[in-house]
Amino acid sequence: MYDYKCKFKRIIDGDTFELDVDLGFYISLQVTIRLKDINTPEIYRPLNEPEEIHGNEVIRYLKNYIDSNKEYILKTEFDKSFDRWIGRIFLEDEYEIANLIKDKKLERLEDKTYKDLMYLSEEELKDHFSVL
């Protein structure tokens, strides 16, 4: 596992981020990192509308804790099975971003649960998933 300083460029979804990673020696690299050991709702190819709304609520929640002007600590490793970088991102108090999601129980639900929520209106879904 490697440690780097990083800044957020973009939230892709609740468990995937585009980061500007400081490699040292005044060299930085923009990379996409998937959080380790967590799965959040999809927003780009969701199962249905409830999952998409849930995913957008996760992003809305995370934006309260992420500042693109601040530096964070990134610990990375390479996931050979998916051919991608995965990592843990830490806030300034050494609290892991994945724990923000876990603490509020914002992880992706089972497909059946999203299907059972199809009868709710968009407003009811937003209220159902709202954590703010």
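## Strand 4 and its partners

In strand 4, the bridge partner of Y4 is L74. Strands here are DSSP runs of E with at least two residues, helices are runs of H or I with at least four, and both are numbered from the N terminus. Two strands pair if DSSP finds at least two bridges between them. This is a predicted model, in which local features need pLDDT of at least 70 and side-chain atom pairs count only at pLDDT 80 or more, while totals for chains, interfaces and linings use all residues. Residues are numbered from 1 along each chain as its sequence is written, and side-chain values use heavy atoms, with hydrogens and water left out.

Strand 1 covers residues 2–13 and runs antiparallel to strand 4, with five bridges joining them. Strand 5 covers residues 84–90. Strand 4 and strand 5 are also antiparallel, joined by seven bridges. In this pairing, F78 stands opposite W85 of strand 5.

Is T76 buried or exposed? T76 is buried, because its relative accessible area is 3%. The cut-offs are simple: buried means under 20% relative accessible area, exposed means over 50%, and partly exposed lies in between (1.4 Å probe, protein chains only). Which residues does T76 touch? Leaving out residues up to four places away in sequence, T76 touches M1, Y2, Y4, I33, W85, I86 and G87. Contact means heavy atoms within 4.5 Å.

## Strands 2 and 3

Strand 2 and strand 3 pair in the antiparallel sense, over eight bridges. D20 stands opposite Q30 in strand 3. The hairpin of these strands has two residues between them, and F25 there takes a positive phi near 55°. Strand 3 also joins strand 5, in parallel, through two bridges.

D22 lies in strand 2. With a relative accessible area of 32%, D22 is partly exposed. Its contacts, not counting residues up to four places away in sequence, are Y4, K5, I27 and S28. How far apart in space are D22 and G55? They are 29 Å apart, C-alpha to C-alpha, and 33 residues apart in sequence.

## A nonpolar patch

I27 belongs to strand 3, residues 27–35. I27 counts as partly exposed, because its relative accessibility is 45%. L23, F25, I27 and L29 make a nonpolar surface patch of about 440 Å². Patches are made of residues with over 30% relative accessible area and no salt bridge; like charges are joined within 9 Å, and nonpolar side chains (Val, Leu, Ile, Met, Phe, Trp, Tyr) within 5 Å. Accessible areas come from the Shrake-Rupley method with a 1.4 Å probe, and for residues only the protein chains shown count as cover.

## Two cores

A nonpolar core is a set of buried Ala, Val, Leu, Ile, Met, Phe, Trp, Tyr and Cys residues joined through side-chain atoms within 4.5 Å. The largest has 25 residues, of which F8, F17, L19, L35, L62, I89 and I97 touch the most other members. At least two residues of this core come from each of strand 1, strand 2 (16–24), strand 3, helix 1 (49–62), strand 4 and helix 2 (97–103).

I97 is in contact with F8, F17, L35, L62, I66, I89 and L91, leaving aside neighbours within four places in sequence. A second, separate core has six residues, including Y114, L117, L120 and F129.

## Salt bridges

A salt bridge is a side-chain nitrogen of Lys or Arg within 4 Å of a carboxyl oxygen of Asp or Glu. By this rule there are twelve. One joins E51 and R108, with the closest N and O atoms 2.6 Å apart. E51 lies in helix 1 and R108 in the loop between helix 2 and helix 3 (111–116), so the pair ties together parts 57 residues apart in sequence. E51 is buried, at 0% relative accessible area, whereas R108 is partly exposed, at 25%.

R108 also meets D111 in a salt bridge (2.7 Å, N to O). D111 is partly exposed, at 35% relative accessibility.

In helix 3, D116 and K112 lie four residues apart, about one turn of the helix. Their salt bridge has its closest N and O atoms 2.9 Å apart. D116 is partly exposed, at 41% relative accessible area, and K112 is exposed, at 55%. Elsewhere, salt bridges that share partners join D37, R88 and E96 into one network.
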